Amino acid sequence: MKEKAKISNAVIKRLPRYRRYLKELSKKGVDKISSNEFSSLIGYTASQIRQDLNNFGGFGQQGYGYNVEGLYNEISAILGLDKQYKMVVVGAGNLGQAIVNYTYSKSGFNVEGIFEVNPRLIGISINDIKIMDYEGLVEFVEDNNIDIGIICVTRDNAQEVADKLCFAGIRGIWNFAPVDIEVPDCVSLENVHLSDSLHSLAYHMNRDSKLREEKAQKARKKSESKTK
């Protein structure tokens, strides 16, 4: 597997989708798939699929297509999912608890600690992981070689939490606070703005409604013209 120097973020964001569909195909006993077959299944063009995968070596064979299990494993390796990651969650409110429960079943991503400032939550366990005092965050990250910090705090506190995590030597941050934070170049960052996704949904709903109304108006006008 030879990866080129610069891969666009758009390509990287499509890889998990490829991997998810390949996993489902493997469960169904599908051994191979062509780019055209994959295209009809996943919604991207066959050309787009080939271009994306060619960034990492291609993996397909002319006249054969892609080996489903082999491509799944290759994409897993590209995404770094053939490794184990230690994580901490900062913020044990409703969102933080939901994230802990969500990641609990994700193979390779292990929540090692949960941190909170609210004294009423400290000491409570979520999936057998005891919530700890936020004051001990830096020491815990350093002592346990934590890879990923998950931020589930308010926007006003997010940057402070990020700074502490970076100081402690974190390698990546998954930020759910509703604000973009800044981290050093040596730290990977993924900002997740849930409201952005909801607003995009609202846009598509309204756009589709307008298109349906326009089609209905055209149909009515056509019908009226025929009756005249």
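Student: In this predicted model, over the face of which residue does R14 lie?

Tutor: The model is a predicted one. A charge sits over a ring if, for Arg, CZ is within 6 Å of the ring centre and within 35 degrees of the ring normal. R14 is placed at 5.9 Å from the ring centre, over the face of Y44.

Student: How far from the centre of the Y44 ring does the charged end of R17 sit?

Tutor: The charged end of R17 is also found over the ring of Y44. Its distance from the centre of that ring is 5.5 Å.

Student: What kind of aromatic pair do Y18 and Y44 form?

Tutor: The structure holds five aromatic pairs, and Y18 with Y44 is one of them. Their ring centres are 5.6 Å apart, with 90° between the planes. Planes over 60 degrees apart count as edge-to-face, and the pair of Y18 and Y44 is therefore edge-to-face.

Student: How many residues apart in sequence are the parts that this pair ties together?

Tutor: Y18 belongs to helix 1, whereas Y44 is in the loop between helix 2 (35–42) and helix 3 (46–54). The pair therefore ties together parts whose separation in sequence is 26 residues.

Student: Is Y18 buried or exposed?

Tutor: Buried means under 20% relative accessible area. Y18 has a relative accessible area of 1%, so Y18 is buried.

Student: Which residues form one aromatic cluster with Y18?

Tutor: Y18 and Y44 form an aromatic pair. The cluster that contains Y18 also includes F38 and Y44.

Student: Why is the pair of Y85 and F109 called stacked?

Tutor: The ring centres of Y85 and F109 are 5.2 Å apart, and their planes lie at 15°. Planes under 30 degrees apart count as stacked. Because the planes of Y85 and F109 are at 15°, the pair is stacked.

Student: Which strands hold Y85 and F109?

Tutor: This pair links distant parts of the chain, 24 residues apart. Y85 is in strand 3 (residues 85–90), and F109 is in strand 4 (residues 109–116).

Student: At roughly what angle do the axes of helix 1 and helix 4 cross?

Tutor: Helix 1 (residues 9–27) and helix 4 (residues 68–78) have axes that come within 9 Å. Helix 1 passes helix 4 in a left-handed crossing. The axes cross at roughly 145°.

Student: How many of the residues in the contact of helix 1 with helix 4 are nonpolar?

Tutor: Residues of helix 1, including Y18 and K23, meet residues of helix 4, among them L71 and I75. Two residues of this contact are polar and two are charged, while the nonpolar ones number nine.

Notes
Residues numbered from 1 in each chain as written. Predicted model: local features only at pLDDT ≥ 70, side-chain atom pairs only at ≥ 80, totals over all residues. Heavy atoms only, no water. Axes fitted to C-alpha atoms, helices over the stretch in contact; angles between N-to-C directions. Helix = DSSP H or I, 4+ residues; strand = E, 2+ residues; numbered from the N terminus. Left-handed = near helix turned anticlockwise from the far one by under 90°. Contact = heavy atoms within 4.5 Å. Nonpolar A, V, L, I, M, F, W, Y, C, P; charged D, E, K, R; others polar. Phe/Tyr/Trp six-rings, centres within 6.5 Å; stacked < 30°, edge-to-face > 60°. Buried < 20%, exposed > 50% of the residue type's maximum accessible area, 1.4 Å probe, protein only.
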